[in-house]
Amino acid sequence: MSDAEYDVVVVGAGAAGLNAALVLARARRRVAVVDAGEPRNAPAAHMQGFLSRDGMRPAALLEVGRAEVAGYGAALIDARVEHVDPGFTVRLVGGAVLGARRLVVATGLRDELPGIAGVAERWGRDVLHCPYCHGYEVRDRPMGVLGTSPGAVHQALLLRQWSDDVVLFVHTLELDEEEHERLTARGVRLVDGEIKRVVAENDGVRGVELADGRMVPRRVVFLFPRMVPHDALLTALGCAVEDRRVVTDRTGRTTVPGVWAVGNVADPRAQVVTAAGMGSAAAIAVNADLLDEDVHQGVDQGRAVERGRVGGGGR
């Protein structure tokens with residue numbers, strides 16, 4: 001028995017989940033949004049590249065978004081989803097149970113950082129990931145790229161657009177001849193040797209220290225984290241996964257009928273503006289799916305009434 005019944009339960013109140021809820025609530029669907037309050041971009045002071053919201057604090061965007069969603073009558077529930085039963089019965093930590101006709105999962109991902117001293121402490125401030133999110137704000141500074149992932153090569157090539165002084169710390173990477181050639185042609189300096197730590201002083205990165213004791217001065221450091229989707233709810237429901245990503249169509253529809261996945265849980269590279277768009281597209285598809293079901297049920301009911309009238313001798 002559910003404590004409350006909804007047309008749609010949205011799990012996750014980031015940009016994707018809130019935008020899905022906004023569109024659905026405006027379509028006069030009964031919507032609940034469940035969120036545990038752990039956004040991926042919490043360490044960041046600002047977000048960029050979102051038209052009309054460029055430079056806004058991520059927390060401020062969510063605050064405004066929650067108010068807009070609540071203004072259309074959606075329920076905002078501060079809780080963590082423990083499990084979702086097929087059907088969909090959404091069980092929350094603490095015992096509350098929600099019933100839903102459709103489910104939108106927008107649970108995001110976590111950035112798994114390399115175990116290098118100093119990285120976690122400066123993450124989201126001057127140890128960064130996305131050049132499109134932060135490159136302009138740290139333009140023209142001496143930049144370092146930590147070679148903790150093959151993606152570091154592309155990252156270093158790209159960052160030359162924002163600074164003339166970019167160093168790739170090779171670390172444990174094994175660069176081939178073509179990569180060496182491309183990096184050299186782009187003006188990226190290579191520093192061999194394993195990284196010991198990122199050095200910070202007076203609330204700012206000052207350089208990268210290598211295992212052999214060398215210190216290379218830098219003012220900002222980029223790395224490519226391992227992105228791990230929070231997809232346990234989806235996989236438990238049986239949603240197909242390929243290449244470590246939940247399979248969806250262009251609207252976020254998964255392989256399990258009635259379940260959509262949007263935002264970083266479905267696309268690790270989605271920025272805030274992209275995630276919001278994904279939420280909108282999913283909401284329109286969810287509403288169309290619900291409409292089809294509503295019409296089908298109405299037709300069945302009408303036919304049942306007609307059969308009863310004919311069977312009872314009515315005209």
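Contact here means heavy atoms within 4.5 Å, and by that test Ala-15, Leu-18, Ala-21 and Leu-22 in helix 1 meet Leu-62, Gly-65, Arg-66, Glu-68 and Val-69 in helix 2. By class, this contact has six nonpolar, one polar and two charged residues; Ala, Val, Leu, Ile, Met, Phe, Trp, Tyr, Cys and Pro count as nonpolar, Asp, Glu, Lys and Arg as charged, and the others, Gly among them, as polar. Please keep in mind that this is a predicted model, where local features need pLDDT of at least 70, side-chain atom pairs count only at pLDDT 80 or more, and totals for chains, interfaces and linings use all residues. Residues are numbered from 1 along each chain as its sequence is written, and side-chain values use heavy atoms, with hydrogens and water left out.

- Helices (H or I, at least four residues) and strands (E, at least two) are DSSP runs, numbered from the N terminus.
- The buried residues of helix 1 pack against several elements, including strand 1 (4-11), helix 2 (58-71) and helix 8 (272-311).
- Just after helix 1, Arg-28 takes a positive phi of about 65°.

**How helices 1 and 2 cross**

- The axes of helix 1 and helix 2 come within 9 Å and cross at roughly 20°, with axes fitted to C-alpha atoms over the stretch in contact and angles running from 0 to 180 degrees between N-to-C directions.
- That makes helix 1 roughly parallel to helix 2 (angles under 35 degrees).

**Residues in loops**

- Trp-123 sits in the loop between helix 3 (119-122) and strand 8 (127-128), and at 15% relative accessibility Trp-123 counts as buried.
- Not counting residues up to four places away in sequence, Trp-123 touches Pro-43, Asp-111, Leu-113, Leu-128, His-129, Leu-223 and Pro-225.
- His-171 has a positive phi of about 55° although it is not a glycine, and His-171 is buried, with a relative accessible area of 18%.
- Arg-244 also is not a glycine and has a positive phi of about 65°, but Arg-244 is exposed at 64% relative accessible area.
- A cis peptide bond, with omega about 15°, joins Gly-87 and Phe-88.

Terms used: Angles under 35 degrees count as roughly parallel, over 145 as roughly antiparallel, 65 to 115 as roughly perpendicular and the rest as oblique. Buried means under 20% relative accessible area, exposed over 50%, partly exposed in between (1.4 Å probe, protein chains only).
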